[in-house]
Amino acid sequence: MLEKALTGSNRYWGWIAVLLAFMAAGALSYVQQYNYGLGLTGMSRDVSWGVYIAQFTFLVGVAASGVMVVLPYYLHNYKTFAKITILGEFLAVASVSMCLMFILADLGQPLRALNVLLHPTPNSILFWDMIVLNVYLFLNIFVGWVVLTAEKKDVAPPKWIKPFIYISIPWAVSIHTVTAFLYAGLPGRHFWLTAILAPRFLASAFAGGPALLILLCLIIKRVTKFDAGQEAIQKLVTIVTYAALINVFFVLLEFFTAYYSNIPGHMHTLDYLFFGLHGQGQLVPWMRVSTIFGIIAIVMFLVPATRKREDTLAIACVLLFFSLWIDKGIGLVIGGFVPSPLEEITAYHPSFQEIMITLGVWAAGFFILTVLYKIALGVKEEKMVS
Amino acid sequence: MDIKRRQFLKIAGLSTIAGLGAPAAFNLLLKGESSPVSFASSGSSPEASQEAAPTGVRLGMVIDQNVFDAYRGLAQKCITACHTVHNVPKFDNPKDEIKWIFEVPYEKAFTAKSHYHKNEQLHDSSFPVLCNHCDNPPCVRACPTKATFKRKDGIVAMDYHRCIGCRFCMAACPYGMRSFNWRDPRPFIDKTTYNKEFPTRMRGVVEKCNFCVERLAKGLQPACVEACGNSGAMVFGDMNDPHSEIRKKLAENFTIQRKPSLGTTPSVFYII
Amino acid sequence: MYDKKLIIPGLLVFLLLMISPIIINGLDAGPVPKLQKPKGVTKCVDSVQYMRTSHMKILDDWRDQALREGNRTPVEVDGVKYDRSLMNGCMKCHVEKKKFCDECHVYASVKPYCWDCHFLPEETF
């Protein structure tokens with residue numbers, strides 16, 4: 001089926017070329033970083049994780065959200081999602097691939113990455129994260145590919161694939177839970193030390209991921225003959241809306257606990273992120289934009305007129321996705337390091353190369369996504385013609 | 001033909017999985033490397049974690065802040081001694097900074113303590129801080145390769161050969177005592193004073209105070225303790241040995257630890 | 001076979017690329033390095049043959065013993081004690097990195113990362 005990715009319109013090849021250009025630029029920057037060390041980034045002794053790990057955390061959410069189409073279709077036989085299930089699975093594949101690339105980009109000694117397997121350490125959450133992410137990647141490639149092959153041959157998917165599908169459902173929850181545990185189990189980092197971190201991660205993932213999927217469906221409808229269908233998209237909108245509202249609720253719970261208990265450690269990071277701490281508030285504009293975008297998006301999802309029109313729906317999805325990307329892809333990880341254990345405030349500004357590497361990994365992710373979607377939609381278009 | 005191929009693939013697949021997984025599993029079972037630290041510590045009850053382990057060696061340090069307050073410049077002497085002996089580089093850019101032991105004001109060392117009209121001594125005190133060599137170290141729990149691990153004598157050590165530079169330990173340390181080699185440290189080591197007997201580090205690994213294991217092995221005191229001379233500013237030794245000097249110091253003085261509420265049970269104590 | 005015209009030349013080009021280093025060097029591996037012996041000592045911590053093939057294994061073991069297990073008891077050979085250490089053991093006799101390490105490593109094209117941290121200052125600084 002791979003050959004389907006090798007034929008396409010000029011627009012397809014143009015898009016591929018753009019992605020390859022970004023990937024090349026990212027690779028060049030990575031060579032620089034590899035030779036110099038991670039000092040080429042904006043990270044420091046106090047803010048020791050930056051955009052790489054933040055993107056990783058965010059994208060684990062996007063990957064996990066694939067389950068929001070897989071679960072209704074395979075577990076509840078919700079036929080409307082039949083057409084887009086493969087899109088959800090392949091989105092997960094691209095996202096997990098990006099996660100792994102971001103982790104590699106963040107390692108000080110990337111050539112030693114396999115030490116994690118050579119010296120397995122069950123007490124380290126990172127060890128488990130490595131396992132769940134790789135298995136999730138495998139499950140989604142495998143299930144997606146087998147089901148698509150069956151579709152191409154006009155036969156029902158083989159029965160033995162079912163267990164893999166059923167496993168992939170709790171597995172999606174596990175990847176984001178384990179990723180939350182990376183943070184939520186660290187003593188002395190008050191912002192992360194909260195039992196609600198995993199549910200919050202899942203809520204924001206199930207809002208952001210499907211919002212991206214809606215956008216992708218709308219784009220696909222324009223550039224190909226494939227239409228996910230109004231009903232499927234509106235059902236996704238329902239999922240996005242509920243998840244986004246639950247996410248807002250969880251965030252408000254954090255605010256309540258911090259400010260009503262009045263425990264300084266619990267308030268510090270929230271202060272820093274939303275209001276500024278001791279006159280420093282590098283991320284305040286970002287977090288406020290995130291809040292405003294999030295609210296506008298939710299209102300647009302709730303009002304029938306705006307959620308039913310494709311153009312306004314697209315705007316709402318973009319706003320929500322961007323809002324959640326700031327919240328998790330910037331605020332959560334970087335904010336957690338402020339103040340430092342010695343209660344110092346250190347600002348973090350990603351360097352040029354760091355941004356280029358980040359863009360390069362995103363481009364690589366979209367490259368994988370484009371190729372996989374090209375194959376999947378190629379198969380589906382074939383069926384439509386015949 | 002087809003069946004044969006299928007069988008072959010099945011066998012090949014299974015043996016690949018076994019081949020990949022078995023050595024790792026065996027390593028885990030046979031060596032039992034992680035057991036001294038992680039499993040033992042995670043099982044301890046809250047009461048037990050407040051008390052020192054009753055048996056075996058547990059190395060620790062008592063820092064007498066009164067002496068440091070009386071002799072200004074002593075802390076700097078300790079820092080220089082440590083950083084010279086361990087070839088710790090000096091960077092101009094604070095972003096690249098590496099430090100094993102350094103001085104901080106009271107509020108930074110003891111963040112959770114609240115004061116109203118703080119007493120004058122605390123106002124301009126400067127506290128030496130270093131790795132606490134916790135009995136229940138969160139960094140060791142976090143490390144995915146056992147590159148940082150707890151020795152039987154209580155020292156939390158680093159194996160720079162194994163560190164992959166993920167910096168999970170830096171996020172896990174609630175004391176901010178770990179540094180990362182953001183770039184090649186060599187050009188930033190003073191060539192005139194470096195220690196030929198001790199290695200440098202490479203870029204991309206995390207480092208921190210090692211309680212001078214290499215000096216202890218030779219029967220020497222840690223470099224910072226030695227730098228204090230007879231002032232009694234720092235006392236180092238086995239806290240489980242009832243006849244040790246440190247044990248006496250702990251028995252005679254009221255001491256505090258940094259962030260005791262986190263349950264890490266630091267092995268560095270302060271007399272204020 | 002399909003695409004015979006592409007596959008066979010492709011394989012040939014691949015093969016040629018793979019053996020190109022051998023051809024370029026004229027089927028000659030170059031002069032074998034002449035090994036020097038440390039002065040004043042005749043016996044190492046293990047047999048010559050074992051040291052030649054497996055000195056890296058010893059270094060790895062010593063590293064784990066000294067660093068991880070805290071076993072720094074010196075290795076004794078004919079009454080002489082050697083530290084379990086590259087810098088403070090091996091290199092007390094094999095004093096020069098260039099002669100005793102690089103000579104063979106360069107020839108065999110192996111690049112151990114020992115020297116990123118352990119070093120003889122006058123040579124690497």
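Buried means under 20% relative accessible area, exposed means over 50%, and partly exposed lies in between (1.4 Å probe, protein chains only). Tyr183(A), with a relative accessible area of 0%, is therefore buried.

This is a predicted model, where local features need pLDDT of at least 70, side-chain atom pairs count only at pLDDT 80 or more, and totals for chains, interfaces and linings use all residues. Residues are numbered from 1 along each chain as its sequence is written, chains are lettered from A and ligands numbered from 1 in the order in which they are written, and side-chain values use heavy atoms, leaving out hydrogens and water.

Now to the rings. Rings of Phe, Tyr and Trp (its six-membered ring) pair if their centres lie within 6.5 Å; planes under 30 degrees apart are stacked, over 60 edge-to-face, and the rest tilted. Over all chains, the count comes to 33 aromatic pairs. Trp49(A) and Tyr183(A) have planes at 85° and centres 6.0 Å apart, so their pair is edge-to-face. These partners are 134 residues apart in the chain. Trp49(A) is also buried, at 4% relative accessibility.

The rings of Phe249(A) and Phe250(A) also have centres 6.0 Å apart, but their planes meet at 40°, so this pair is tilted. Phe249(A) is partly exposed at 46%, whereas Phe250(A) is buried at 15%.

Ring pairs also build a cluster, with Trp49(A), Tyr183(A), Phe201(A) and Phe168(B) among its members.

Finally, a charge sits over a ring if NZ of Lys or CZ of Arg is within 6 Å of the ring centre and within 35 degrees of the ring normal.

| Charged residue | Ring | Distance from ring centre |
|---|---|---|
| Lys328(A) | Phe201(A) | 5.1 Å |
| Arg68(C) | Phe149(B) | 4.2 Å |

Methods:
Helices (H or I, at least four residues) and strands (E, at least two) are DSSP runs, numbered from the N terminus.
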